[in-house]
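This report covers helix packing and selected loop residues in one protein model. The sequence and structure come first.

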Amino acid sequence: MQHFSIVIIGGGPIGLACGIEAQKAGLDYVIFEKGSLVNSLYHYPVNMTFFSTSERLEIGGVPFVSNNPKPVRNEALEYYRRVTGSFNLNIRLFEPVEQVSRTVDLFEVVTSKGTCTADHIIIATGFYDIPYLLNVPGEELPKVTHYYKDPHFYAFQDVIVVGAMNSGVDAALETWRKGARVTMVVRGPEIGTRVKYWVRPDIENRIKEGSITAYFNASVREIREDEVDIDTPEEMITLKNDFVIAATGYQPNLQFLKQIGVMLSDDAVKCPVLDPDTHESSVKGIYLAGVICGGMNTHRLFIENSREHAVKIINAISRKRS
Ligand SMILES: Cc1cc2nc3c(=O)[nH]c(=O)nc-3n(C[C@H](O)[C@H](O)[C@H](O)COP(=O)(O)OP(=O)(O)OC[C@H]3O[C@@H](n4cnc5c(N)ncnc54)[C@H](O)[C@@H]3O)c2cc1C
């Protein structure tokens, strides 16, 4: 059975950063990624613009050159692919880790393709795998998506966008610009306060001029083939509908952490319990990196403030070995 000093779970920007630091420290490692390289970023909407500037998305000290003040998804895919290639990182794509268990002095890691052992595990699995559901009848219909991709698909259709954070606002504006008739259903009283500052006036003006209809303090009650029922503060209304884009956010797979014994905080945030200096979890030898460290608070950590986890973890592992 193959043995590694470090198994890194997740080939997102932070998993890659951990691989780079491990390589620099001369430690043998492997990164398992369940999908494509930087799988979460690959699944972002095709026209997505980052809220971070390019230098804040850099890993391994490699400059990220972009022609735009804020880079777009395709540039980020290109950047992380070039970084992976030029470091020749040891990454196995389309190979999900299914189970991690402890033997006497090692970890046994079961993936979809086999089993290996490791002295240390780094979990960098992000938060993009599990969408928050609306939990209403009809959500399972094929016309409902939690992963909006491309506006062209919605041209000249009746589209409901649920949510008014960055993803919802981008989806509403893009699909409207391709000729969709867009209605936003927003749980709160206004467009999300964290919406990108250069996008916010655009959506507010489209709503004000009546190009996009928005119902605030509202929620979806039921989705049917051709209609959707919406509860507004005044009354329940029924709208003709072709597609629903549920931009209701995502949550990390905390069940995976629990299964391998990582303790979470008792409060609603369910933050993994970590040593802040080393990022070692409550299970000795298991470290956490990237946005997963924020638990259910998915707005606290980004690439720019979690890439440092890689250095902390690899320093801690190197110290242990010396
Ligand atoms: C629409 C959108 C826009 C965003 N814009 C920005 C931005 O501008 N700036 C910013 O810093 N952040 C942004 N974020 C947040 C961003 O997604 C994260 O900061 C970044 O992806 C975190 O990197 P990560 O490596 O921690 O997690 P991820 O990029 O999510 O990587 C985790 C990886 O783990 C893999 N994985 C999960 N489970 C397993 C398993 N069992 N086995 C193997 N692999 C597994 C996943 O497939 C994924 O590739 C945005 C998020 C969204 C949704």
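## Helix H1 against helix H7

Ala 17, Cys 18, Glu 21 and Ala 22 of H1 are in contact with Ala 310, Val 311 and Ile 314 of H7, contact being heavy atoms within 4.5 Å. By class, these residues comprise six nonpolar, no polar and one charged. Ala, Val, Leu, Ile, Met, Phe, Trp, Tyr, Cys and Pro count as nonpolar, Asp, Glu, Lys and Arg as charged, and the others, Gly among them, as polar. The model is predicted: local features need pLDDT of at least 70 and side-chain atom pairs count only at pLDDT 80 or more, while totals for chains, interfaces and linings use all residues. Residues are numbered from 1 along each chain as its sequence is written, and side-chain values use heavy atoms, with hydrogens and water left out.

H1 spans residues 13-24 and H7 residues 308-321. Helices (H or I, at least four residues) and strands (E, at least two) are DSSP runs, numbered from the N terminus. The axes of H1 and H7 come within 8 Å and cross at roughly 40°. Axes are lines fitted to C-alpha atoms, for helices over the stretch in contact, and angles run from 0 to 180 degrees between N-to-C directions. The two helices are therefore oblique to each other; angles under 35 degrees count as roughly parallel, over 145 as roughly antiparallel, 65 to 115 as roughly perpendicular and the rest as oblique. The crossing of H1 with H7 is right-handed. A crossing is left-handed if the near helix is turned anticlockwise from the far one by less than a right angle, and right-handed if clockwise.

## Helix H1 against helix H3

H1 also packs with H3, at an angle of about 20° and with the axes 11 Å apart. The pair is therefore roughly parallel, and its crossing is left-handed.

On the H1 side, the contact involves Pro 13, Leu 16, Ile 20, Gln 23 and Lys 24; on the H3 side, it involves Tyr 80, Val 83, Thr 84 and Phe 87. This contact has six nonpolar, two polar and one charged residues.

## The buried face of helix H5

Helix H5 runs over residues 200-208, and Arg 200, Ile 203 and Arg 206 in it are buried. Buried means under 20% relative accessible area, exposed over 50%, and partly exposed in between (1.4 Å probe, protein chains only). Viewed down the axis of H5, the buried residues fall within an arc of 140°, so they line one face of the helix. The arc is that of the directions from the helix axis to the C-beta atoms.

The buried residues of H5 pack against helix H4 (166-177) and strand E10 (181-185).

## Loop residues

Phe 156 sits in the loop between strand E8 (144-145) and strand E9 (158-162). Its phi is near 60°, a positive value in a residue other than glycine, and its relative accessibility of 58% counts as exposed. Asn 217, in the loop between strand E11 (213-215) and strand E12 (219-223), has a positive phi near 50°. Asn 217 is partly exposed at 44% relative accessibility.

With a relative accessible area of 32%, Asn 90 is partly exposed. Not counting residues up to four places away in sequence, Asn 90 touches Phe 4, Tyr 29, Val 30 and Ile 31. The C-alpha atoms of Asn 90 and Asp 28 are separated by 8.9 Å, and the two residues are 62 residues apart along the chain.
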